[in-house]
Amino acid sequence: MIAISTLDRYSGAVKEIADSLLATMAENLGLKQEVIADRCVGGVQSVRMNYYPPCAQAEKVVGFSPHSDADLLTLVLQVNHVQGLQIKRNGSWFPVRPVEGALIVNIGDIFEIFTNGRYRSIEHRAVVDPKEERLSAAAFHSPNIHATIGPLKELTADEDEAYKTVDHENFMRLFFATKLEGKSFLDRMKLK
Ligand SMILES: O=C(O)CCC(=O)C(=O)O
Ligand SMILES: [Fe+2]
């Protein structure tokens with residue numbers, strides 16, 4: 001029971017942060033907050049706890065394959081001091097060092113699609129440490145499962161839509177049926 005209420009409190013707290021970041025990001029895009037918020041009423045939130053045991057031959061194994069998250073925003077807590085998360089930028093991998101008490105905010109594929117590519121989802125992976133275990137908790141924030149996933153009309157009045165429009169349920173079905181391979185899933189959502 002204690003574990004459940006702790007997780008409830010944690011997920012409630014990170015959801016508040018995600019909602020407030022989404023509101024600010026909507027405004028920065030020149031949108032009314034509701035344009036994104038309305039799609040997130042009854043939104044989907046999930047939390048994944050990752051445990052990476054140490055491996056003496058760390059360079060020969062993968063902790064978490066390269067991927068981008070299939071959501072709007074992910075808030076990652078690096079639970080202990082062991083470094084492992086890396087992001088890809090201009091073709092190279094860069095470590096994201098754990099900062100005590102700080103959350104990492106990753107842009108997900110749905111945010112890239114909503115914004116017709118103004119924001120790009122971040123490709124990331126996790127490597128393991130030769131001596132120490134590593135823990136992370138990733139909280140994923142997505143629109144309502146019945147929302148439509150496609151470029152927001154408010155942003156595409158004067159430009160071509162660069163991504164397909166699909167319903168959220170089918171989008172997730174496709175995501176889970178696809179091998180985690182960098183941003184290949186998002187590439188399949190592109191129109192050209
Ligand atoms: O372990 C990490 O820092 C990243 C985990 C992750 O990318 C995920 O759970 O989607
Ligand atoms: Fe991830």
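Predicted model: local features only at pLDDT ≥ 70, side-chain atom pairs only at ≥ 80, totals over all residues.
Local features need pLDDT of at least 70 and side-chain atom pairs count only at pLDDT 80 or more, whereas totals for chains, interfaces and linings use all residues.

View 1. The iron ion (ligand 2) is held at 2.1 to 2.2 Å by His 67 through NE2, Asp 69 through OD and His 124 through NE2; donors here are N, O and S atoms within 2.8 Å of the metal (3.2 Å for Na, K and Ca), and water is not among the atoms, so the site may look incomplete. Along the chain these donors follow the spacing H-x1-D-x54-H. Because His 67 belongs to strand 2 (residues 64-67) and His 124 to strand 7 (residues 124-126), the pair ties together parts that are 57 residues apart in sequence; strands are DSSP runs of E with at least two residues, helices are runs of H or I with at least four, and both are numbered from the N terminus. Both His 67 and His 124 are buried, that is, under 20% relative accessible area with a 1.4 Å probe and protein chains only.

View 2. Over residues 43-143 the chain is 6% helix and 45% strand, with its end C-alpha atoms 5 Å apart.

**View 3. The largest pocket.** This pocket has a volume of about 350 Å³, a volume being the space filled by probe spheres set on grid points joined across faces, edges and corners. A pocket is an open set of points on a 1 Å grid over the protein atoms alone, with protein on both sides within 12 Å along at least five of seven lines, while a cavity is a set where a 1.4 Å probe fits but cannot get out; lining residues have an atom within 4 Å of a point. Of the 19 lining residues of the largest pocket, Ser 46, Phe 140, Met 172, Phe 175 and Phe 176 are the closest to its centre.

**View 4. The largest cavity.** The largest cavity, with a volume of about 150 Å³, is lined by 16 residues, and those nearest its centre are Asn 50, Tyr 52, Phe 64, Leu 85 and His 124. Strand 8 provides the largest share of this lining, four residues.

**View 5. The second largest cavity.** About 70 Å³ of space lies here, and helix 1 gives the most to the lining, with four residues.

Definitions and conventions: Residues numbered from 1 in each chain as written. Chains lettered and ligands numbered in written order. Heavy atoms only, no water. Buried < 20%, exposed > 50% of the residue type's maximum accessible area, 1.4 Å probe, protein only.
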